[in-house]
Amino acid sequence: MPETQLRQKLLFLYLGNSSLESEVVGWSLYDGTTDEMFEAAGEDAEPPYNSVLDAMRDGWRVIQVPFIKAPQVGREYENDYLDFEFVLEKMEVING
Amino acid sequence: MDKNLLLTSVEMAQFASTGFLRFDNLVPRELCEAAHEEMSTGKLRRRAPMGSPFSESWPDEAIGKVFRLPKVAAIIHSLVGPNPRYDHHAAHLTPANTRKGANLHQDAEYDIRDLHFDIQISFFPEDTPLESGGTLFVPGTQFRRVHEAEIKRYQNIIGQVQAVCEAGTMFFWHTNIWHSARSNFTDRDRYMFKLRLNPTVRQQRLWNTDDLDSPEVKQALNQKIPWHGQRHRIELMNRIKFWRFLTGDPTFDLALWWGRVENTPDIIVQGG
């Protein structure tokens with residue numbers, strides 16, 4: 001009998017705003033259930049969900065929400081990393 | 001320099017907004033083949049001294065002819081002016097059936113210049129179908145200050161553009177654009193020739209400015225990049241600042257984005 005294991009999938013959804021209903025503007029999937037290497041999807045790719053809320057309704061658990069913070073004084077006009085990064089998790093049973 | 005070959009103001013505004021310009025079929029096939037031959041036989045491995053005049057690079061090679069094509073030279077002139085400095089080049093090879101994995105990065109985290117910029121040129125000497133993994137660019141990332149490959153966690157960003165093109169296509173890009181090499185799933189090796197150039201003059205009105213007052217210029221500058229989300233207005237203000245730098249017009253604005261925050265009147269009027 002193959003050993004049964006629980007494995008984790010992490011879905012990073014980057015939103016346009018802090019609301020979990022905001023539109024997805026970027027995404028990454030790190031899938032611990034497979035040995036497949038990730039490939040970026042290319043320019044015609046559609047995100048897997050329209051919002052974090054949509055992903056929750058499909059069984060993803062939110063394990064991190066971004067802090068909302070004011071810009072540092074003197075850096076009000078500077079942008080850097082993607083702002084609204086939500087981390088979601090799914091645990092899946094695989095046969096070892 | 002033939003003025004008609006220079007970039008237009010609309011094209012420059014597009015560059016200011018997205019950080020790159022794409023030109024298809026700029027280089028004739030025969031010259032592409034000759035340049036490809038130089039890449040694949042290792043003839044272009046040796047680099048010129050960094051900082052040397054670009055005009056001295058590859059006097060006899062096909063790759064030199066590529067960059068001296070009148071239209072290519074005019075685009076370079078429009079972005080970095082006459083007599084640019086050679087920074088470095090690379091004939092990037094992605095061998096057949098090579099998986100690259102996550103690779104998104106910005107080249108120049110050490111380059112904290114506010115407005116002056118270098119350009120990089122990506123030249124594709126062969127047809128580059130989607131599955132051969134041409135470079136992926138993320139439009140509108142040129143004003144983002146991030147640390148080189150720390151953005152590797154980001155796999156997909158809405159609006160990303162992959163170089164899927166015919167031989168002879170070139171991308172001219174602001175060196176701070178986020179980009180990524182992609183996997184080559186074909187049975188053919190793939191080359192992309194990258195060249196970085198530095199300006200030696202102030203980057204001001206180096207293009208054909210005949211259409212500077214065209215409404216299409218403001219349209220291009222006003223465009224919304226979908227992934228900017230709530231940051232759109234700050235991106236717009238950075239874009240306006242960049243356009244002021246490029247045109248030498250410190251009063252340029254779109255609506256009153258800077259006009260509001262620069263409005264701190266000191267005129268005292270008598271009350272009552």
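The model is a predicted one, in which local features need pLDDT of at least 70 and side-chain atom pairs count only at pLDDT 80 or more, while totals for chains, interfaces and linings use all residues. Residues are numbered from 1 along each chain as its sequence is written, and chains are lettered from A and ligands numbered from 1 in the order in which they are written.

A255(B) lies in the loop between α6 and α7 (257-261) of chain B; helices here are DSSP runs of H or I with at least four residues, strands are runs of E with at least two, and both are numbered from the N terminus. A255(B) has a positive phi of about 55° although it is not a glycine. Most residues other than glycine have a negative phi. E148(B) also has a positive phi, near 35°, and is not a glycine. E148(B) is found in the loop between β4 (136-138) and β5 of chain B, and it is exposed because 12 other C-beta atoms lie within 10 Å.

The helices of chain B come next. Two packed helices are described by the angle between their axes and the distance between the axes. Axes are lines fitted to C-alpha atoms, for helices over the stretch in contact, and angles run from 0 to 180 degrees between N-to-C directions. Helix α1 (residues 9-18) of chain B and helix α6 (residues 232-247) of chain B have axes that come within 9 Å and cross at roughly 140°. The two helices are therefore oblique to each other; angles under 35 degrees count as roughly parallel, over 145 as roughly antiparallel, 65 to 115 as roughly perpendicular and the rest as oblique. From α1(B), the residues M12(B), A16(B) and S17(B) make the contact, and from α6(B), R239(B), F242(B), W243(B) and L246(B); two residues are in contact if their C-beta atoms, placed from the backbone, lie within 7 Å. By class, this contact of α1(B) with α6(B) has five nonpolar residues, one polar and one charged. Ala, Val, Leu, Ile, Met, Phe, Trp, Tyr, Cys and Pro count as nonpolar, Asp, Glu, Lys and Arg as charged, and the others, Gly among them, as polar.

Helix α1(B) also packs with helix α5 (residues 215-222) of chain B, at an angle of about 10° and with the axes 8 Å apart. That angle makes α1(B) roughly parallel to α5(B). In this pairing, S9(B), V10(B), A13(B), Q14(B), A16(B) and S17(B) of α1(B) meet E216(B), V217(B), A220(B) and L221(B) of α5(B). The contact of α1(B) with α5(B) comprises six nonpolar, three polar and one charged residues.

Within helix α6 of chain B sits I240(B), which is buried because 20 other C-beta atoms lie within 10 Å. Leaving aside residues up to four places away in sequence, I240(B) touches F252(B), D253(B), L254(B), W257(B) and W258(B). The C-alpha atoms of I240(B) and E262(B), 22 residues apart along the chain, are separated by 13 Å.

Chain A follows the pattern β-β-α-β-β along its sequence, with one helix and four strands. Of its 96 residues, 20% are buried. Among contacts in chain A between residues at least 6 apart in sequence, 67% join residues at least 24 apart. V93(A) belongs to strand β4 (residues 84-95) of chain A and counts as exposed because it has 9 C-beta neighbours inside 10 Å. Not counting residues up to four places away in sequence, V93(A) touches T4(A) and L6(A). The C-alpha atoms of V93(A) and Q8(A) are separated by 8.9 Å, although the two residues are 85 apart along the chain.

The contact between the chains takes 31 residues from chain B and 24 residues from chain A. On the side of chain B that touches chain A, the elements giving two or more residues are β5 (156-157), β6 (161-162) and α6 of chain B. The largest share of that side, four residues, comes from α6(B). The residues of that side divide into 14 nonpolar, 10 polar and seven charged.

The largest nonpolar core has 76 residues; such a core is a set of buried Ala, Val, Leu, Ile, Met, Phe, Trp, Tyr and Cys residues joined through C-beta atoms within 7 Å. Those with the most contacts inside the core are L13(A), Y14(A), L15(A), A16(B), V66(B), F172(B) and F193(B). F172(B) touches F20(B), L21(B), I75(B), L79(B), I119(B) and I121(B), not counting residues up to four places away in sequence.
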